[in-house]
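Colleague: Could you walk me through the side-chain contacts and the ligand site in this one?

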Amino acid sequence: IFLPHLVASLEVEETYIMVKPDGVQRGLVGEIISRFEKKGFKLTGLKLFQCPKELAEEHYKDLSAKPFFPKLIDYITSGPVVCMAWEGVGVVASARKLIGATNPLQAEPGTIRGDLAVQTGRNVVHGSDSPENGKRELALWFKEGELCQWTPAQAPWLWE
Ligand code: IDP
Ligand code: MG
């Protein structure tokens, strides 16, 4: 049987991608999911979720000393977010490229932030910055049993 994608399984990474409350309110959920879907990464988890304050603080704990931290927590908890797990070889760095620079005015056209946002404090999407943080964040945002392992029908057309 022709399952060449299994050969690359050792290098497979996971990343936590989240449509932030502004992306949900602005009707950009489908557009944002579509960027990762069309690229060829594999969706392994997806839910609409109202984030509690404690979780937002834990997720962004490395930024807790920053002056904008309270506003960041208000922003992330201001409405539902869309939590996603995406899997693939090199998905962590590639997703960061698809997302673009933190400041949307500096993000390249063609990136999500470059195309769809104008302010750092309303930059519509989150993506993990390392494979380690990918694992850490997925464990924070998803419960046991919420992620789904499957083989896309297009596997042989994505992976040689
Ligand atoms: P990233 O999301 O591109 O990884 P980080 O530096 O990790 O950027 O910051 C996390 C989030 O905190 C940003 O996406 C943005 O929502 C918010 N943030 C970062 N810097 C600022 C700022 O200077 N003002 C307001 N919000 C900020
Ligand atoms: Mg970050």
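Modeller: What follows covers the ligand site, the aromatic pairs, the salt bridges and one backbone angle.

Colleague: Before that, what should I know about the model and the numbering?

Modeller: This is a predicted model, in which local features need pLDDT of at least 70 and side-chain atom pairs count only at pLDDT 80 or more, while totals for chains, interfaces and linings use all residues. Residues are numbered from 1 along each chain as its sequence is written, chains are lettered from A and ligands numbered from 1 in the order in which they are written, and side-chain values use heavy atoms, with hydrogens and water left out.

Colleague: Fine. Which residues surround ligand 1?

Modeller: Lys20, Tyr60, Leu63, Phe68, Leu72, Tyr75, Arg96, Thr102, Arg113, Thr120 and Asn123 surround ligand 1, where a residue is taken as near if one of its heavy atoms lies within 4 Å of the molecule.

Colleague: And what is the distance from an oxygen atom of ligand 1 to the side chain of Thr102?

Modeller: An N or O atom in the side chain of Thr102 is 2.5 Å from an oxygen atom of ligand 1. For Asn123, a side-chain N or O atom is 2.8 Å from a ligand 1 oxygen atom, and for Lys20 a polar side-chain atom lies 2.9 Å from an oxygen atom of ligand 1. The protein buries 71% of the 520 Å² that ligand 1 exposes when taken alone, with accessible areas from the Shrake-Rupley method and a 1.4 Å probe.

Colleague: Switching topic, how many aromatic pairs are there?

Modeller: The structure holds 4 aromatic pairs, counted when ring centres of Phe, Tyr or Trp (its six-membered ring) lie within 6.5 Å, with planes under 30 degrees apart called stacked, over 60 edge-to-face and the rest tilted. In one of them, Tyr16 and Phe142 have ring centres 6.3 Å apart and planes at 80°, so the pair is edge-to-face. Tyr16 belongs to strand β1 (residues 12-19) and Phe142 to the loop between α7 (131-141) and α8 (155-158), so this pair links parts of the chain 126 residues apart; helices (H or I, at least four residues) and strands (E, at least two) are DSSP runs, numbered from the N terminus.

Colleague: What about Phe49 and Trp141, how are their planes set?

Modeller: Their planes are at 80° and the ring centres of Phe49 and Trp141 are 6.1 Å apart, so that pair is edge-to-face. Phe49 lies in strand β2 (residues 42-49) and Trp141 in helix α7, so the pair ties together parts that are 92 residues apart in sequence. Phe49 is partly exposed at 24% relative accessible area, while Trp141 is buried at 2%. Tyr16, Phe49, Trp141 and Phe142 form one aromatic cluster.

Colleague: Which charged end sits over the ring of Phe49?

Modeller: That is Lys47, whose charged end is 4.7 Å from the centre of the Phe49 ring; a charge counts as over a ring if NZ of Lys or CZ of Arg is within 6 Å of the ring centre and within 35 degrees of the ring normal.

Colleague: On to charges, then. How many salt bridges are there?

Modeller: There are 6 salt bridges, each being a side-chain nitrogen of Lys or Arg within 4 Å of a carboxyl oxygen of Asp or Glu. Glu31 and Arg35 make one of them, at 2.8 Å from N to O, and both lie in helix α2 (residues 29-39), 4 residues apart, about one turn of the helix. Glu31 is partly exposed at 35%, as is Arg35 at 21%.

Colleague: Which other residue does Arg35 form a salt bridge with?

Modeller: Arg35 also pairs with Asp115, with their closest N and O atoms 3.2 Å apart. This links helix α2 to helix α6 (residues 112-116), 80 residues apart, and Asp115 is partly exposed at 39%.

Colleague: And where do Glu57 and Lys53 lie?

Modeller: Both Glu57 and Lys53 are in helix α3 (residues 53-59), 4 residues apart, and their side chains meet in a salt bridge of 3.5 Å, N to O. Glu57 is partly exposed at 29%, and Lys53 at 46%.

Colleague: Last one, what is the phi of Val124?

Modeller: Val124 has a positive phi of about 60° although it is not a glycine. Most residues other than glycine have a negative phi. Val124 is found in the loop between α6 and β4 (125-127), and it is buried at 0% relative accessibility.

Terms used. Buried means under 20% relative accessible area, exposed over 50%, partly exposed in between (1.4 Å probe, protein chains only). A polar contact is a pair of N or O atoms within 3.5 Å; within protein, one must be able to donate a hydrogen and the other to accept it, and residues adjacent in sequence count only if both atoms are side-chain atoms.
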